[in-house]
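Please keep the structure in view while reading.

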Amino acid sequence: MKGLSNLFLCFSLFIVSFITEADSASQAQNNGIYIVYMGAAASSNGGTRHDQAQLMSSLIRRNKNAVVHSYKNGFSGFAARLSEAEAKSMAQRPGVVSVFPDPVLQLHTTHSWDFLKYQTDEKINSSPSSGSDSSLIGADTIIGILDTGIWPESESFNDKDMGPIPARWNGTCMDGQDFGSSKCNKKIVGARFYEESDDSGTKIAGSARDENGHGTHVASTAAGSPVAGASYYGLATGTATGGSPGSRIAMYRVCTTFGCRGSAIMKAFDDAIADGVDVLSLSLGSSPGLEPDFPSNPIAIGAFHAVEKGIVVVCSAGNSGPGPKTVVNTAPWILTVAATTIDRDFETDVLLGGNKLIKGGGINFGNMTKSSVYPLIHGNSTKSNDNVSEADARSCVPGSLDENKVKGKIVLCENLDDGGYFPSDKLDEVKSRGGVGFILIDDDERTVAPKFKSFSAGVVSKKDGNEILAYINSTRNPVASILPTVSITKYKPAPVVAYFSSRGPAYNTPNLLKPDITAPGVAILAAWPGNDTSEALRGQKPPIFNLLSGTSMSCPHVSGIAATVKSVNPAWSPSAVKSAIMTTAIQTNNLKAPITTVSGSKATPYDIGAGEASTSGPLKPGLVYETDVADYLQFLCSVSFNISQIKLISNTVPKDFSCPNNSTSEMVSNMNYPSIAISSLKENEPKKVTRTVTNTGEEASVYTAIIEAPTGLEVQVIPSKLEFTNKSKKLSYEVSFKASSTSKEDLFGSITWTNGKYKVRSPFVASSN
């Protein structure tokens, strides 16, 4: 199947890089460990609930190594080795919300910040009296990152000019294998890891050190210190800096070579809540269609309790696009991030005979020049035998090419639907047959800058590929040269929705528009472990910065923005921070036209949510939508929780709260969310929702509604004007949707409140389904 699922089995770990991927099929496997979720914690002092202690004691009496993790800070429960029968029995015990197998989740694998700021009218300045010192951006906020660990020696994590660690920080820097507590500093203020153990209880040596690279890259994107002269072997040269360079980093290593265990993720959430982080960033998640409902979803559970404690939780949307209903991490308390390109292109030129130049992409450090030409051949002309199909030869699948026909030549290959072979397989086929160059025709790959190291290779669009084919077919002795890659800035159009970015609507969360926001996630330059010889070019040292793509990369961009907003507005709730980021998002590209997808079609909220995140707009949004705990509890009602279960889950249930008798998913539309989603909209049958906004700007201010509605949908806002005073800081309005006919397509639009200074925009979608 064509799409990112193919790409990331090749350029694995949900990032476009040659890293080992955890087998997604293992998500469905049970390693004998079950998570027993018991809802809210006993108290704020980290004590263990009596019923939890009893259950754990009974297990330990049977097997002293039965309990793997205990949760007591942000919520209650534990992970333990259980038989299936024991798990079923445990689920019936009083005080237990759910029991489920420990899942294995996947990772969703720098000029990007300059581009975001260029797209915005004003620069970030979180401390107006101190000039433009970047070290003050996000000062003293703490970003917790759940990932593969961190490489503390990276210059991106130096603590030069940083002040003392905030006194409220309660975390620790764990001693581990090749990672002593001295590795932490005023930038990396905490580092935890969650080692695994076998059935006998023998612990596998653990460490917070990053052996993969993903966590290091993510952490430096979110909060890395400025490093001048950063590049990937001379490409993308500039100052690498995180979005919130004044923020501190707390790393929670939840992912190992075996994947990211749900039990470890929940333990990290539990620790982070007690440690005192302000923002949590997770570039990982379930596979599309496999994301469990709340009672058995480690990320949704952990995030709920973190948000309840005032922590902003930001998650990647996944890399399974461009198909619909592929977005994950869709709980309403999570800020879900899609991915777009930036205005930098990695251009690999293909020079044909007659000096015809084709502008391709990808990254290669080959040694071909304009004056060196090589025979050029199409894969279809190099079949190894008559049993090889034309499609396989055109695609250069393994075993399809004849060495005698390929040796010494540049081979043009296509990326057809060829049974799951990936670009790296085709590259290896050409190399193994003695080819000296590789050109791949693929519109999607052209946008993500795949890396070919020292081999002369590039990717071209289908349009350019057809031009190369025409040249081959019309020339007796076609020749070409593939030039080394160069970086091109101010590339247009940008941003463009990354083809791999997962799309809405959310298959398991009707009436909630996801993703929420988008941010740069293609070919992002950030820190990398300094010992990774697998990434090194021949004869050169390993890179200390690397280029990766994925929603794994877009997520920390938004985490950095959230940390900055929190530093400027420390009293704001997580929902206010989320609202500020969403309602100030950008919907246009650097051509001042609407953001588009790779195919050129106008991006919808299913692609980009509210739009591209702004770096400065969220600091002063004008109005915010505050989604309170009662909204989230009503959401739980709508997904079949009863009031008894809800009182187990939350300690903050209002006294007068109850689930309506007719709780349905349509109730979610009335959640006080910064976007609006309406379903089951029938012809001439209006539906109404209510929203409440809080004024964060000038006390005396008048906002007027501007409605952008598609043909066939009548939208009314009542009242159409909101007048705020020093006594009325919260005002509500009603939106009515009425379709003049039943549309087979989902209808998109927006409602923007403006007072002339601020524009507070909410996207909406109306569906007849």
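## Surroundings of Ser456

Leaving aside neighbours within four places in sequence, Ser456 is in contact with Asn364, Gly366, Asn367, Met368, Val436, Gly437, Phe438 and Ile482, where contact means heavy atoms within 4.5 Å. Ser456 is buried, with a relative accessible area of 3%; buried stands for under 20% relative accessible area, exposed for over 50%, and partly exposed for what lies in between, with a 1.4 Å probe and protein chains only. Its place is in the loop between H11 and strand S22 (457-460), helices (H or I, at least four residues) and strands (E, at least two) being DSSP runs numbered from the N terminus.

## Basis of the values

The model is predicted, and local features need pLDDT of at least 70, while side-chain atom pairs count only at pLDDT 80 or more and totals for chains, interfaces and linings use all residues. Residues are numbered from 1 along each chain as its sequence is written, and side-chain values use heavy atoms, with hydrogens and water left out.

## Domains

The domain assignment of the chain gives domain 1 (32-101), domain 2 (142-343 + 496-614), domain 3 (345-488) and domain 4 (623-766), with bounds that come from an automatic or database domain assignment. Between domain 2 and domain 4, the centres taken over C-alpha atoms are separated by 28 Å, and 32 residues of domain 2 are in contact with 37 residues of domain 4.

## The second largest pocket

The second largest pocket has a volume of about 670 Å³. Of the 31 residues that line this pocket, the closest to its centre are Asp443, Arg446, Thr447, Val496 and Val598. Strand S17 (344-352) and helix H11 (443-446) are the elements that give two or more residues to the lining, and at least three residues are drawn from each of domain 2 and domain 3.

On a 1 Å grid over the protein atoms alone, a pocket is an open set of points where a 1.4 Å probe fits, with protein on both sides within 12 Å along at least five of seven lines, and lining residues have an atom within 4 Å of a point. Grid points are joined across faces, edges and corners, and the volume is the space filled by probe spheres set on the points. The lining divides into 13 nonpolar, ten polar and eight charged residues, where Ala, Val, Leu, Ile, Met, Phe, Trp, Tyr, Cys and Pro count as nonpolar, Asp, Glu, Lys and Arg as charged, and the others, Gly among them, as polar.

## A hairpin and backbone exceptions

Strand S8 (residues 227-232) and strand S9 (residues 235-240) pair in the antiparallel sense over three bridges, pairing being assigned if DSSP finds at least two bridges between two strands. Ala230 stands opposite Gly238 in S9, and the hairpin formed by S8 and S9 has two residues between the strands, with Tyr233 in the turn at a positive phi of about 50 degrees.

Most residues other than glycine have a negative phi, and most peptide bonds are trans. Lys325, in the loop between S15 and S16, has a positive phi near 60 degrees and is partly exposed at 47% relative accessible area. Lys453, in the loop between H11 and S22, has a positive phi near 55 degrees and counts as partly exposed at 26% relative accessibility. The peptide bond from Gly321 to Pro322 is cis, with omega near 5 degrees, and a cis peptide bond also joins Gly504 and Pro505, with omega about 0 degrees.
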